[in-house]
Amino acid sequence: MATRDSYPAGTPNWVDVSVDDVAAASAFYQALFGWDPVPTEVDGEVIYTNFHLDGATVAGLGSKMGPPMPDAWTVYVATDDVGATLEAATAAGGRVVAGPMDVPDDKGTFGLFVDPNGAFCGLWKAGSHIGAERVNEPGTFVWNELATTDAPSSVEFYSAVFGWGDSSGNGTGAVFTDPDGREICGAHAAGDGEPPFWSVWFAVDDCDATVARVQELGGSVLVEPNDMGFGRGAVVAAPGGAVFG
């Protein structure tokens with residue numbers, strides 16, 4: 001389904017990127033995906049940007065909070081109770097980083113935790129901001145993938161926190177499913193030098209052309225375009241270092 005007006009609990013529902021240079025990152029994604037930046041300002045300072053595609057909200061951008069770290073995308077999962085989900089994450093061996101935090105104007109409630117293997121994961125309880133209003137079509141997020149150093153423990157953890165199953169049938173990765181058996185995101189064993197993290201994958205009309213455009217805009221290629229089981233894909237990084245597929 002491309003157009004969304006709600007998400008069941010346990011479903012990835014939002015992605016945003018934290019950056020050092022908001023203006024440069026906004027220009028990069030606007031040029032790459034055709035997104036229109038819609039900034040929210042407080043006292044003349046941009047505190048967050050929602051990207052729109054054909055009038056629908058599809059992703060977000062903000063400046064970094066906390067200690068210095070690389071530019072990075074964050075995946076958020078829908079929940080009906082951020083506090084209870086953070087408690088579940090803690091009980092399963094994770095660590096709370098932020099939240100529950102209500103976003104002004106009743107937009108929703110935010111949370112962030114780190115799983116036992118070190119990957120950050122966000123939580124979003126929808127208010128007036130449901131998350132992404134369009135998904136699974138060019139210029140929107142289509143998949144989220146966890147790189148993990150221990151797939152079996154990741155499956156155990158996310159099953160305890162979100163009730164996810166695993167339809168992969170192997171211990172080296174996972175295809176996470178919701179309680180109805182629908183595939184919603186995945187996991188793979190982290191490669192050499194790959195940290196534990198949740199990556200965001202965006203649908204495009206032409207993978208090779210999009211990768212070439214990333215390079216034209218000052219980004220870099222980490223995995224060249226290649227034919228995968230689900231289609232043709234690549235892994236790239238924006239000029240600030242944020243990695244995405």
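**Reading the terms in a predicted model**

Modeller: Asp105 has its place in the loop between β6 and β7, the latter covering residues 108–114, and the model in which we look at it is a predicted one.

Colleague: Why does Asp105 count as exposed?

Modeller: The word exposed is kept for residues over 50% relative accessible area, and since Asp105 has 63% relative accessibility, it counts as exposed. Asp106 is found in that loop between β6 and β7 as well, and because its relative accessibility is 60%, against a limit of 50%, it too counts as exposed.

Colleague: What is said about phi of Asp105, and what about phi of Asp106?

Modeller: For Asp105, phi is near 65°, which is a positive value in a residue other than glycine. For Asp106, phi is near 55°, again a positive value in a residue other than glycine.

Colleague: Which residues does the cis peptide bond join?

Modeller: The cis peptide bond joins Gly99 and Pro100, with omega at about 0°, and Pro100 is found in strand β6, which covers residues 95–103.

Colleague: Let us turn to strand β1. Why is Asn13 called buried?

Modeller: Buried means under 20% relative accessible area, and Asn13 has a relative accessible area of 1%, so it is buried. Asn13 lies in strand β1, residues 12–19, and once its neighbours within four places in sequence are left aside, its contacts include Tyr7, Tyr76, Trp124, Ile130 and Phe141.

Colleague: Why does Leu61 count as buried?

Modeller: The relative accessibility of Leu61 is 1%, and because that value is under 20%, Leu61 counts as buried. Leu61 has its place in strand β4, residues 56–63, and, not counting residues up to four places away in sequence, it touches several others, among them Asp16, Val17, Tyr48 and Phe51. Leu61 and Ser220, by comparison, are 159 residues apart in sequence and 20 Å apart in space, C-alpha to C-alpha.

Colleague: What makes Thr210 buried or exposed?

Modeller: Thr210 has a relative accessible area of 19%, and since buried means under 20%, Thr210 is buried. Thr210 is in helix α4, residues 207–216, and it touches Leu32 and Val204 when residues up to four places away in sequence are not counted.

Colleague: Why is Val223 called partly exposed?

Modeller: The relative accessible area of Val223 is 35%, and because this lies between 20% and 50%, Val223 is partly exposed. Val223 is found in strand β14, residues 220–228, and it touches Ala234 and Val235, not counting residues up to four places away in sequence.

Colleague: Which residues in the largest nonpolar core touch the most other members?

Modeller: That core has 59 residues, and those touching the most other members are Tyr29, Trp35, Trp73, Tyr158, Phe176, Trp198 and Phe244. Phe244, with residues up to four places away in sequence not counted, touches a list that includes Phe28, Tyr29, Trp73, Val200 and Phe202. In soluble globular proteins, nonpolar side chains tend to be buried together.

Colleague: Why does the radius of gyration of the protein chain agree with that of a compact globule?

Modeller: With 245 residues, a compact globule would have a radius of gyration near 18 Å, and the protein chain has 17 Å, so the value agrees. The C-alpha atoms fill a box of roughly 45 × 40 × 35 Å along the principal axes.

Colleague: How many helices and strands does the protein chain have, and what share of its residues is buried?

Modeller: The protein chain has 4 helices and 16 strands, and buried residues make up 45% of its 245 residues. Among contacts with a separation of 6 or more, 57% are between residues 24 or more positions apart. The protein chain exposes about 11,500 Å², of which carbon and sulfur atoms supply 52%.

Notes:
Residues numbered from 1 in each chain as written. Predicted model: local features only at pLDDT ≥ 70, side-chain atom pairs only at ≥ 80, totals over all residues. Heavy atoms only, no water. Core = buried A, V, L, I, M, F, W, Y, C linked by side-chain atoms within 4.5 Å. Buried < 20%, exposed > 50% of the residue type's maximum accessible area, 1.4 Å probe, protein only. Contact = heavy atoms within 4.5 Å. Helix = DSSP H or I, 4+ residues; strand = E, 2+ residues; numbered from the N terminus. Rg over C-alpha atoms; globule rule 2.2 N^0.38 Å. Areas by Shrake-Rupley, 256 points an atom, 1.4 Å probe, with all protein chains shown as cover.
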